[in-house]
Amino acid sequence: MSLEFESVSLQNFGPYRSIVDLNLLTHPDAPIVVIHGENTLGKTSLFRALRWCLYGAPEAGKTAAESSRSLREYMNRPAIADGETDMQVSMKFTADAQKFHLTRTARFEGGGAPKVTADLRIDAEVIQPAAIDAEIGRQLHPQISEFFLFDGELLRDFYDRLNSDRERDLLKQSIESVLGIPALQLAGRDISVMTQDATSRQAKAIRNRDDAANARRQLAVLKSRQESIEKDRAEVETALRKAQVDLDDVNEQIAAVDELKADAREMETLEAAIKGTEAEERQIREDMRNLLTGGWLAPASAKLSVVLKRVEDQNDNAQRQQKAIQAARERVDVLQKQIQGGTCPTCHQELPPPEEATRLALASAEDDLARLKAAGGAEPDLRLERRIRELIDTSTLPAYQQAQERLNKVLSAQYSRNRRLTSIKDRLKGNDAAAIRKLAYDQQQLESAIEEYKNSLRQLGDDQTKVQSDQNRQASAIRRLANAQPDLAAEAYFFEYVQQLVERTIERYQERTRAEVERTSTAMFMKLIRNPEGYEGIRIGRDYRVELIGRRGPAMKTSEGGRQLIALSLIGALKRAAVRGGPVVLDSPLARLDLEHRANVLQEWVPELGNQAILLVQSGELTEEQARDIMGNRIGQAYRIYRPNDDPEEADIVRTQ
Amino acid sequence: MATDRADKQQIGLTQEGNDAIEPVAKEYFGGSQKEAYLFAISFAIGADLDIVSAPQGGYTTKYNGIGTIDPTGSVRELLEILDIGEPDRPLATMEKLAEIGIREIAQRLSGNETMAEIMSNVVSGLPQTTQAERAFHAAMVAGDAQNERDR
């Protein structure tokens, strides 16, 4: 396969607001793209963006319909806050010398599931929307997507999954589906019909009446059985398809129920918060009422302050005036005493007789006193000043404003909670417990029915094989009868031969794939494991049961690390069996391995997977320095995911090599 | 502005004043119209409302005698200190101030102002309500109106 990813663009997906044409092109000598990013920065978001773009479902094992409701979790939240409604991922890749440009867009309007659209152009041709999934499936079939869109988390339980019949069956079907085995099986059935037709014509040509009647009777029985099987198969297949569609529908409704459960929990929390806040609101309003009631004079305080200032000034002036009068009066008293004679009140010495200057000074002082008294000046009204001060209220307004701010916050929070509560209640309308229980019951019934239909189809396949075998036996018997016509016999021979050829081809194809997966996984495991001499290899049964073979035989026990290496080997081998070449994207594939095994995986395993490997790693599993040391110039491009600001909901990607 | 007329013994509000005081008292004074009445007097003084614009008649009695509405004498003192109205007719002055005060408060509250803003606007030198708070208040009022329509 010549498929190669060229670039990816993201708009509002996960933490990425806008990544334009992140270059993923590699050179055959440097086929590795490493994208470093610490935990929570957005490696898995980038990985899931690729999966969503290709298949419409960000997570493995889910259909596009099942994923639809959870898509909102991937929409960038700062973008939502900015009023944006579109989430988009776009990929450019080449395959078979053609250029593909795939764009998937989810538009979120209202509270329900988003409207998802896809656009695919191959060279200049615009592909019809209904044909897009088939076109992508032709290049990278979704059933084997786990092998080239490899989630490191898969390692944890991949080995264990292979020990369950159901998972093994799914895996086998996936591989066989990609290899085209169902088409061969259909061809086998068609050839069976043709064989039957040729045998019937042979039977008609038999001249012996008894032999002819006998052959016709037996052929009629076989034909009836064949028709019955075909009819049953058609009915079961129709029922199976319907049950699967119904199950998808029920699963979608159940996914919605899970959301409803979360809604119900959130509703309880909201209602409790609303109740608590209502009490707080009542208390604040009560405080505000008390403030207004006790502080009713506050609005007049500014006016009172103006008057207070005036009264204060008047009182100050009056006090100054009185002090001046007092000083003038004291001056007059001293001068009068000087003129009257006597002793000095301070030194108690006899005062000298008054001079003319003293008399003049007394006259001047008496004039001053008289002038000051004449100027008047009211007594300072300190009672009024005190009373005004008592009336002025400077504390109510700041306290009221603070209370108003608290109330605004409370009301704002309450308003948001109530709106959220209303939208949740709308969603919960018409979803009572009985309806939800019925969904769970329907799901169980449908799953059982699907299992039964599949068993029936397997049984019909066995019946079909038996009918074919009987047909062949009957054809042989007819050939042995006298008067058999050579041209009809040759035709019957031919169809029988082709029938066997197809059956053997299927068997060989299955066996060759199994053997190839076994051989490749063993080779990979031997390269990855520290002491390969202690192991014989990995055995894969016809039913894809996996066993580790040691020096002392099968069913060898191994550690957790060993099981992860087996899983890596098996995934690598399956990927090679299903898709030759092509890209592989690996999200945290090394997290559970020690350094030596990490180096082995990077040097031995990754290059085996395809012609382009995109590694998403965090420093705990591989630092930038370790990446350079281990992979050297095989790294074609290196990027680092970083946070452009303190917002944990935003990330960007910068090229480092 | 002395006058020979005797002061009123019963004071109250006009019909318009009564219509205004009812929701204000209910929302901001725990239903006490007397507290709202006193607040309206204080507000009318603080906001420099023109007492001359008050209706000359049409008042229905709410309070009988000065002891009912101003037992501590604070309002009379306020009027005296600030020299408002007719000195010998404090009750008549109170009535007119309450009438124009309560009408103005009700009108401003209905115009998206909060009580804190109304108080701030008459008390100079104290912090004013922020634009953001006003915007929030307007949004709340709009939201309530929407809820009302939805209902």
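A residue is buried if 20 or more other C-beta atoms lie within 10 Å of its own. The views below are all taken from a predicted model.

**Figure 1. Overall make-up of chain A.** By the criterion above, 28% of the 657 residues in chain A are buried. The secondary structure of this chain consists of 18 helices and 14 strands. Of the contacts in chain A between residues at least 6 apart in sequence, 75% link residues at least 24 apart.

**Figure 2. The six-stranded sheet of chain A.** Six strands of chain A form an open sheet in the order β8-β11-β12-β3-β13-β14, and their pairing is mixed. Its edges are β8 (149-151) and β14 (652-655) of chain A, each of which pairs on one side only. On average, neighbouring strands of the sheet are turned by 20° against each other, direction ignored. Strands of a sheet pair through backbone hydrogen bonds, either parallel or antiparallel. The pairing of β13 (residues 635-642) with β14 in chain A is antiparallel and runs over four bridges. Within this pair, A:Y639 stands opposite A:R655 of β14(A).

**Figure 3. Helix α1 of chain A on the sheet.** Helix α1 (residues 43-55) of chain A packs on the sheet described in the previous legend. The strands touched by this helix are β3 (32-36), β8, β11 (583-587), β12 (612-617) and β13 of chain A. The direction of the helix makes about 145° with that of β11(A).

**Figure 4. Nonpolar cores.** The largest nonpolar core has 77 residues. Which residues have the most contacts inside this core? They are A:I35, A:L50, A:V585 and A:L615. Helix α16 (residues 560-578) of chain A contributes the largest share of the core, nine residues. Leaving aside residues up to four places away in sequence, A:L615 touches A:I32, A:V33, A:V34, A:I35 and A:L586.

**Figure 5. The interface between chains A and B.** Contacts between the chains involve 25 residues of chain A and 31 residues of chain B. On the chain A side, the elements that give two or more residues are α9 (209-294), α10 (301-340), α12 (382-391) and α13 (396-428) of chain A. Helix α13(A) supplies the largest share of that side, with nine residues. By class, the chain A side has 16 nonpolar, six polar and three charged residues.

**Figure 6. Crossing of helices α1 and α2 in chain B.** The axes of α1 (residues 15-28) and α2 (residues 33-46) of chain B come within 9 Å and cross at roughly 110°. Because angles of 65 to 115 degrees count as roughly perpendicular, α1(B) and α2(B) are roughly perpendicular to each other. From α1(B), the contact is made by B:I21, B:V24 and B:A25, and from α2(B) by B:Q33, B:A36 and B:Y37. Five of the residues in this contact are nonpolar, one is polar and none is charged.

**Figure 7. Helix α6 of chain B and its surroundings.** Six of the eight residues of helix α6 (residues 115-122) of chain B are buried, so the helix is largely enclosed by the rest of the structure. These buried residues are B:M115, B:A116, B:I118, B:M119, B:S120 and B:V122. They pack against α10 and α13 of chain A, together with α1, α2 and α5 (90-110) of chain B.

**Figure 8. Two loop residues with positive phi.** Most residues other than glycine have a negative phi. A:D123, although not a glycine, has a positive phi of about 50°. A:D123 is found in the loop between β6 (115-122) and β7 (125-126) of chain A, and counts as exposed because it has 9 C-beta neighbours inside 10 Å. B:N112 is likewise not a glycine and has a positive phi of about 75°. The loop between α5 and α6 of chain B holds B:N112. With 14 other C-beta atoms within 10 Å, B:N112 is partly exposed.

**Figure 9. A:E356 in helix α11 of chain A.** A:E356 lies in helix α11 (residues 356-375) of chain A. Is A:E356 buried or exposed? A:E356 counts as exposed, since it has 7 C-beta neighbours inside 10 Å. The C-alpha atoms of A:E356 and A:I339 are separated by 9.6 Å, the two residues being 17 residues apart along the chain.

Methods: Residues are numbered from 1 along each chain as its sequence is written. Chains are lettered from A and ligands numbered from 1 in the order in which they are written. This is a predicted model: local features need pLDDT of at least 70, side-chain atom pairs count only at pLDDT 80 or more; totals for chains, interfaces and linings use all residues. A nonpolar core is a set of buried Ala, Val, Leu, Ile, Met, Phe, Trp, Tyr and Cys residues joined through C-beta atoms within 7 Å. A residue is buried if 20 or more other C-beta atoms lie within 10 Å of its own, exposed if 12 or fewer, and partly exposed in between; C-beta atoms are placed from the backbone. Two residues are in contact if their C-beta atoms, placed from the backbone, lie within 7 Å. Two strands pair if DSSP finds at least two bridges between them. Axes are lines fitted to C-alpha atoms, for helices over the stretch in contact, and angles run from 0 to 180 degrees between N-to-C directions. Ala, Val, Leu, Ile, Met, Phe, Trp, Tyr, Cys and Pro count as nonpolar, Asp, Glu, Lys and Arg as charged, and the others, Gly among them, as polar. Angles under 35 degrees count as roughly parallel, over 145 as roughly antiparallel, 65 to 115 as roughly perpendicular and the rest as oblique.
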